[in-house]
Amino acid sequence: MRGNRSIALIFLCAALVYPIIFRDPYFLHMAILGGIYTLLAISINLLLGYTGQLSLGHAAFFGVGAYISSLMYLNLGIPIWGGIIAAVFGSAILGFIVAKIAFKLRGAYFVIMTIGIAEVLKLVALNWVDLTKGPMGLTDIAAPKIDLGWAGLIDFGQKMPYYYLTLFFVVLSVLLQYRLVHSSYGRSFISIRENEDLAASIGIDCYKYLVVVVIISCSIAGIAGSLYAHYVSFIDPGVFVFFISVNAVMAAIGGGQGTLAGPILGAMLFTMIPEWLRIFGDARMAIYALVVIFIVIFMPKGILFYATQLLNVGKRTDGR
Amino acid sequence: MIFLQYVMNGLIIGGAYALIGIGLTLIFGIMNVVNFAHGEMYMLGAYFLFTFFSKMGIPFFLSMILAIAAVMGIGFIFEKGILKPLRGRSIDTVMLSMIGLSLFIQNLAMLIWTPVPESIKSPLPMDSFTLGGLYFLPQRILVIAVAILLVFLTHLLLKKTKIGKAMRATFQNLEAASLMGIKIDRIYSFTFVLGAGLAGASGALLAPIFTVHPYIGNLANLKAFAIVIIGGLGSFTGAVLAGFLLGVFESLGAAYISSGYQDAVGFILLILILINRPTGLLGKVGQTR
Amino acid sequence: MVAELLKVSHLTVRFGGLTAVNDVDFSIFPEEIVSLIGPNGAGKTTTFHAITGFLGKSAGKVDFEGRELTHMKPHQIAAQGIIRTFQITSLFPNLSVLENIRTGHHMQERETLLDAVFNTKRKRAVEDEALARTMEILKFIGLEGKKEVIASSLPYGEQRMLEIGIALAAHPKLLLLDEPSAGLNDTETQGMKELIKKMRERSITILLVEHDMKLVMGISDRIIVLNFGKKIATGTPDEIRRNPEVIRAYLGERRRDVKS
């Protein structure tokens, strides 16, 4: 435990100095996207790695967060701070609705339901032109500037401040994940994955915990969406595409589901992998697909697991 | 009158939907595989027809048959090459593998045929004729005729042939079927190839009506899943019913509500069914795990 | 007259045209050890399912400590103090022995979401207590030395012990054991018997479904016999041993076996 804490602190320090060392806007851009994907990966990890429910529609909550935050700003002038809160509420409510209607479903049925929700929302975003401007999308979603007077101006429209903003939420989510896992909530989540009937027989209200984890998971995805919108300053119905959902799941699995560090590692990987594949030009997505197949079949426990096997350090699959 | 026209149009497309739905429900029901690559079989059916007919000039009906055969061949390769080695792995693993496979095929198709949408000009006459006050395009007649034929043939296969009976036995009780000497490997291969063929047929039939591009499989796949769940997992009749139902509802939805949300109809029905009756209209009770 | 802990009245469970439990009445009194026996298919496990909310009742009611349990979900019934084990080995397979039992302690841990997130003093106190209690149960069932072992890799006999440990962690007032000695050898069965006695010493009332007649006769205060869903006898081990209907019920089953 102590060892893990030190490693975590080292990573945190590295993350804090990263933009000072790597000033290249490209590296910052990748880091910000990586951070946003980390949030998505953590949200999937909570659902999949701990309660064992696979969602292939998390783009729904990501997209909802993005649109709500953007519309808050564009229509009501509310900056990102309010936007994120609104995004959390919106995604949480949507997540609650999904959990309520899908709670009896497991396995493939739950997966298909989540895919369906994302697709419906994509179509809504495409067709409700009055609200979302349809395929044209929303533009000029600005990030705010904070005037600290004597300390100067922090312009979140610049990459470096935005990096720290993203890092802030990543650290928050990692902490949240950590605290949850090491609590009776975490144990309840895991018991759902391991043996639902047994869990019920010892007094665990599986439905309640499922709803809680879905709401938390969706809220984090909503934050990711909001951060994304104010960063790229333009969103369209493409925030709901299947690829985002798949990539988020791959990040969670590839890093190591059911672990604390897995989503971070996986997100970094799966933000970089589409970039590295650019050298293949048009064949890039085809190769990405092969990577997906490879990891799913040969490394289902995630890179962290196989790496630690190699290094012969004992890491258990219950999140410690 | 125009209402009936919409219904008729919906039934026609519904026929093709039924085909792709039957294939998936058989695969999902008998093999317990969540075949996310099913839509790609549909897409390949369309593209093979394009290649054989529009590019190579092979006669239309022969091209269709060849296209279906080609898709079945590819289905065979996938089953033996990917699904068989994965048997026994968790359902999540298989599901995600099929997603990866589907992504791969889509993008491979994009590399082979380019992402430029193609259209196939059916050799059938382009003028519609009227029958009982309704308008029919010959290509659409072909769709419904072939769809009904294939549904009927598949039904006969399942009910009357030895392999059909073996398939149904495997669906009901895998262990018992295997103990009775049914060669499960062979049943699985056959099921998958049959499913692929039906999906390919669906794609080939609809290709001259809609445009063909590498990503048409996505929507087809999702609609197929909607049909399977609405009809009831593993239920042949359910898939047929749900296919036609979806076609009609989409047609009416596009006409009377909004054409933009046409594709959402399937999802909305799917979500409604999952809420109220997850086992589907005709499925077995208690199978949502 | 001691008030009954559990009262089952006119319990009937029907599914798919089959009446698995047919108008069954019985009561369990505090600190008793009662066995529910009967040939295969008599409805014993179904009765357990019905009492604990895993199956719905077609008719009848179940009262616990005077409170009616109808319409309660399994986790709510567990919260009342009725904990059950399962016929098929039921563990949290990928967790260690310690974590398995720790999870069983769930109901004792009054933690809110805020407690969890902010790691409050209260949470830490609760967790310390839970860990102490878990260690105690580990000693009680004799698995102390294996606390870090992953549950799925335990030998069968120890897995069954672990199941009891998990149930104990849930602080049962009434413990429903479903075939605790199934698949155990003689030594292990003896160990199970000792464990059941020790549990009764801790004021836990026990109702068990069992096939091992030696165990049943040796440990039960009372025995209830079911056949084809109906209660055909109830009494002390001696009474049941000599009951002609019971003998017929079991011999009848054996005759069927001999035929095939």
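Predicted model: local features only at pLDDT ≥ 70, side-chain atom pairs only at ≥ 80, totals over all residues.
Residues are numbered from 1 along each chain as its sequence is written, while chains are lettered from A and ligands numbered from 1 in the order in which they are written.

**Exercise 1. Find which pair of chains in contact shares the most contacts.**

Step 1. Start with the rule: two residues are in contact if their C-beta atoms, placed from the backbone, lie within 7 Å.

Step 2. Two pairs of chains are in contact, and chains A and B share the most contacts. Chain B brings 33 residues to this meeting and chain A brings 31 residues.

Step 3. Now look at the elements, remembering that helices (H or I, at least four residues) and strands (E, at least two) are DSSP runs, numbered from the N terminus. On the side of chain B that touches chain A, two or more residues come from each of α4 (91–113), α9 (216–231) and α11 (264–276) of chain B. Of the elements on that side, α4(B) gives the most, with 14 residues.

Step 4. Sort by class: Ala, Val, Leu, Ile, Met, Phe, Trp, Tyr, Cys and Pro count as nonpolar, Asp, Glu, Lys and Arg as charged, and the others, Gly among them, as polar. The side of chain B that touches chain A then has 23 nonpolar, seven polar and three charged residues.

**Exercise 2. Describe how chain C meets chain A, and check chain C against chain B.**

Step 1. The contact between chains C and A takes 29 residues from chain C and 22 residues from chain A.

Step 2. On the chain C side, α2 (74–80), β6 (82–84), α3 (97–104) and α4 (113–118) of chain C each give two or more residues. This side is made of 15 nonpolar, eight polar and six charged residues.

Step 3. Chains B and C have no contact joining them, and their closest C-alpha atoms lie 11 Å apart.

**Exercise 3. Work out how α1(B) packs on α5(B).**

Step 1. Axes are lines fitted to C-alpha atoms, for helices over the stretch in contact, and angles run from 0 to 180 degrees between N-to-C directions.

Step 2. Helix α1 (residues 2–31) and helix α5 (residues 138–160) of chain B pack at an angle of about 35 degrees, and their axes are 8 Å apart.

Step 3. Residues of α1(B), including Leu11(B), Gly15(B) and Leu19(B), meet residues of α5(B), including Val143(B), Ala147(B) and Thr154(B). The contact counts twelve nonpolar residues, two polar and one charged.

**Exercise 4. Classify Leu304(A), Thr114(B) and Glu179(C) as buried, partly exposed or exposed.**

Step 1. Leu304(A), in helix α14 (residues 303–311) of chain A, counts as buried because it has 22 C-beta neighbours inside 10 Å. Beyond its neighbours within four places in sequence, the contacts of Leu304(A) include Gly255(A), Thr259(A) and Leu265(A).

Step 2. Thr114(B) sits in the loop between α4 and β1 (129–131) of chain B. Thr114(B) counts as exposed because it has 12 C-beta neighbours inside 10 Å. Although Thr114(B) is not a glycine, its phi is positive, at about 65 degrees.

Step 3. Glu179(C) belongs to the loop between β7 (174–178) and α7 of chain C. With 19 C-beta neighbours inside 10 Å, Glu179(C) counts as partly exposed. Glu179(C) also has a positive phi, near 50 degrees.

Notes. Buried ≥ 20, exposed ≤ 12 C-beta atoms within 10 Å, placed from the backbone.
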